[in-house]
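Trainee: Hi! Could you walk me through this one? I'd like to talk about its helices and its surface.
Mentor: Happy to. Let's bring it up.

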Amino acid sequence: MSEPFESLARAFPEVRLSADAADRVAYARDLWPRHHLAVRAGNVAQHRPAGIVWPTSTEEVARIVRWAHDTETPVVPFGAGSGVCAGVLPHERIVVIDLKRLSRWRSLDTEGRTLDVEAGHMGMPLEENLNRRGLTLGHFPSSILCSTVGGWIAARSAGQCSGKYGKIEDMVLALECVTGTGEVVHLHHRTSGPNLIPLVIGSEGTLAVVTCATLRLHPNPTVRAFAGFSFPSTEHGWDAMRAMFQAGLRPAISRLYDPFDAMLARRGSVEKDRADSAAAPGLGATALRSLLRRPGTINELLEGAFGSKVLGGSLLVLIFEGFDDGPSRDMEQAKAILSRMRGTYAGEGPARQWLQHRYSASYRQAPVFAAGLFSDTMEVAAPWSKLRGLYDGVRRALGEHVFVMAHLSHAYPDGCCIYFSFAGTAAKGDGIAGLEGWDARCELTYDRAWKAAMAAAVDAGGTLAHHHGVGRSKAPRMADELGTGGVSTVRALMRAFDPKGILNPGNLLPRTSSKPTLNDAHPRTVRA
Amino acid sequence: MSDLAIAIDEPSLLVGVVGTTTLSALEAALKARGLTLGVALERASTKTVADWLASGAVGSASVFADPADHLVAGLEATLPDGSKLVVRPSPRRSVGPDLIALALGTCGRLANVDYAWLRIHVKSAARPAFPLPGGRDLDPPLTEQENRLVELFASELRSGRPS
């Protein structure tokens with residue numbers, strides 16, 4: 001047990017904590033896909049924390065943070081560890097504060113439709129418990145089975161129904177959090193401002209430890225209307241989505257798949273058993289690895305008019321939900337708009353099938369990695385007027401390195417998020433010193449793809465992340481996103497909330513010190 | 001900052017506007033194109049866009065009325081130390097704290113808006129409106145604790161420490 005952690009154990013004999021080797025391995029990372037490559041290479045836990053502590057009350061969190069402040073011990077708040085950007089990347093001095101034992105409902109106001117819930121509450125049980133009372137939060141991230149309320153707030157999360165209910169930032173009425181000095185503060189939504197809640201949401205554990213949130217609820221819908229529409233191209237599809245949202249329609253689900261992704265969706269969004277076995281290491285995996293050595297050619301083929309024709313065009317999955325005849329009236333209005341915009345009605349099947357398998361897609365990563373490949377996702381956003389440039393720019397940038405497909409699943413009246421999914425393999429190793437290993441060469445492809453894609457997103461006027469957050473994976477690029485003024489402003493906020501810089505140090509912003517506690521997750525200089 | 005006093009992005013239904021433009025001038029320019037800011041301007045029409053945002057955008061809808069829709073998509077602002085903050089327009093983002101909040105309803109204590117990208121509406125289009133959460137004051141007075149935090153931010157922003 002390290003010295004700081006021994007001191008913590010002495011200071012809080014009543015709080016559950018552990019410096020056990022297995023626990024330290026379990027808390028050494030989140031679900032950043034680049035970690036998976038390290039794990040596959042045998043580097044299971046390079047970033048082990050000093051230990052883990054499990055507080056059960058806000059007061060305990062505050063006392064632990066005060067101790068950390070006094071001893072200048074860095075701490076990282078931890079939910080369920082399902083972040084995908086290396087927002088959690090501890091080192092041997094860091095103490096992880098796991099909030100999952102802080103998971104009570106403090107109060108439910110069924111008439112006013114609000115809930116005070118502690119930050120460690122897991123997503124799915126929260127929604128199921130609300131549903132039993134005829135209520136819903138309306139927040140359905142793909143990670144709902146392995147994420148917490150605090151994690152959603154930390155990452156500025158989006159759920160599948162963001163088109164109707166908004167993102168998590170649109171659901172928070174009040175926050176209780178612990179600043180870097182150990183002070184418990186209560187922040188309140190204020191329509192006319194000043195509203196400090198948006199500053200803490202998305203701050204990824206660098207400004208305060210969120211301990212409780214007051215969330216806005218909705219009556220749980222009893223009726224749904226389903227439809228699928230095919231479009232000649234992805235652009236035709238997003239023009240139709242734009243028209244719907246600007247006409248005032250708010251579908252709970254509107255997901256537009258590019259032709260390849262649409263082909264997969266039409267085949268069945270999850271043929272799970274088959275998918276797993278086909279991707280297992282063996283002849284199929286070898287063929288796939290060979291194919292992915294030439295991603296540019298495949299991408300060009302599939303993205304062009306030929307690909308669109310062969311694959312059957314793009315597919316829009318649409319679900320309205322509500323009460324009585326509301327959803328069917330909205331669907332009729334949507335059908336009228338979409339038909340005018342070259343949409344061809346494809347029946348209810350695609351939408352019903354999507355709903356049935358709505359959380360399955362996130363669990364298809366393991367077979368890809370087991371096959372010696374890698375996969376990841378990138379979610380960018382822009383106003384509608386910049387969407388074409390963003391789509392083409394990022395797709396082209398990624399496509400030089402990896403196989404890429406896309407869907408658009410978070411639309412707003414003024415713009416949309418594009419969600420790129422990609423898979424790649426090892427870069428050719430000839431002449432690259434020190435990169436003899438397969439996984440090291442996979443990392444090289446991975447880094448090249450991300451670096452090119454992030455530059456392309458900024459060049460096209462898009463934002464680097466719509467709902468996954470920044471973590472350490474995008475931190476080196478934050479000056480491109482926010483400008484020097486924005487980075488200075490976030491640093492000023494950090495100094496105000498956390499004067500000693502003990503909360504998740506190294507996360508969110510590019511490093512300033514010449515001797516960082518951690519290396520950049522994505523080095524600025526990527527080997528050519 | 002754009003040289004244009006008013007720049008309309010019709011596909012995105014956004015307007016870029018210099019902070020010194022009055023709301024009445026903005027609304028007149030929009031009206032000529034069949035568009036509107038879509039807010040109740042009675043008492044605020046003589047205000048400039050910068051002053052209106054600094055004083056809390058009175059007359060605009062609550063975010064809880066239509067969670068998919070936000071009033072401000074991006075802005076350029078001057079911080080207390082004179083440096084510039086640019087938040088490029090985007091429907092949503094997940095890149096750290098939402099810095100737009102520094103300028104909304106803070107009466108210039110944390111940022112002064114030089115240019116803003118605002119949501120606009122086709123005059124004839126329907127506007128969704130959920131019932132607001134009941135039993136709560138959605139505009140409570142600033143607590144002493146929150147006021148102290150705002151002062152702390154302002155002090156840090158004035159310090160002009162480099163990034």
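Trainee: What do the buried residues of H5(A) pack against?
Mentor: In this predicted model, they pack against strand E5 (105-109), strand E6 (114-118), strand E7 (135-136) and helix H6 (149-155) of chain A.

Trainee: And which residues of helix H5 (residues 123-132) are buried?
Mentor: Gly123(A), Met124(A), Leu126(A), Glu127(A) and Leu130(A) are buried there. They cover an arc of only 160 degrees around the axis, so they lie on the same side of H5(A).

Trainee: What comes just after H5(A)?
Mentor: Look at Gly134(A), which takes a positive phi of about 80 degrees.

Trainee: Switching to helix H1 (residues 3-11) of chain A, which residues are buried?
Mentor: Pro4(A), Phe5(A), Ser7(A) and Leu8(A) are the buried ones. Their arc around the axis is only 155 degrees, which puts them on the same side of H1(A).

Trainee: What's on the other side of H1(A)?
Mentor: Glu3(A) and Arg10(A) are exposed there. The buried residues of H1(A), meanwhile, pack against strand E1 (16-18), strand E2 (51-54), helix H4 (58-71) and strand E4 (95-98) of chain A.

Trainee: Now the surface. Which residues make the nonpolar patch?
Mentor: Leu301(A), Phe306(A) and Val310(A) make a nonpolar surface patch of about 320 Å².

Trainee: Where is Leu301(A) found?
Mentor: Leu301(A) is in helix H13 (residues 295-303) of chain A.

Technical notes
Residues are numbered from 1 along each chain as its sequence is written. Chains are lettered from A and ligands numbered from 1 in the order in which they are written. This is a predicted model: local features need pLDDT of at least 70, side-chain atom pairs count only at pLDDT 80 or more; totals for chains, interfaces and linings use all residues. Side-chain values use heavy atoms; hydrogens and water are left out. Buried means under 20% relative accessible area, exposed over 50%, partly exposed in between (1.4 Å probe, protein chains only). Helices (H or I, at least four residues) and strands (E, at least two) are DSSP runs, numbered from the N terminus. The arc is that of the directions from the helix axis to the C-beta atoms. Contact means heavy atoms within 4.5 Å. Patches are made of residues with over 30% relative accessible area and no salt bridge: like charges are joined within 9 Å, nonpolar side chains (Val, Leu, Ile, Met, Phe, Trp, Tyr) within 5 Å. Accessible areas come from the Shrake-Rupley method with a 1.4 Å probe; for residues, only the protein chains shown count as cover. A salt bridge is a side-chain nitrogen of Lys or Arg within 4 Å of a carboxyl oxygen of Asp or Glu.
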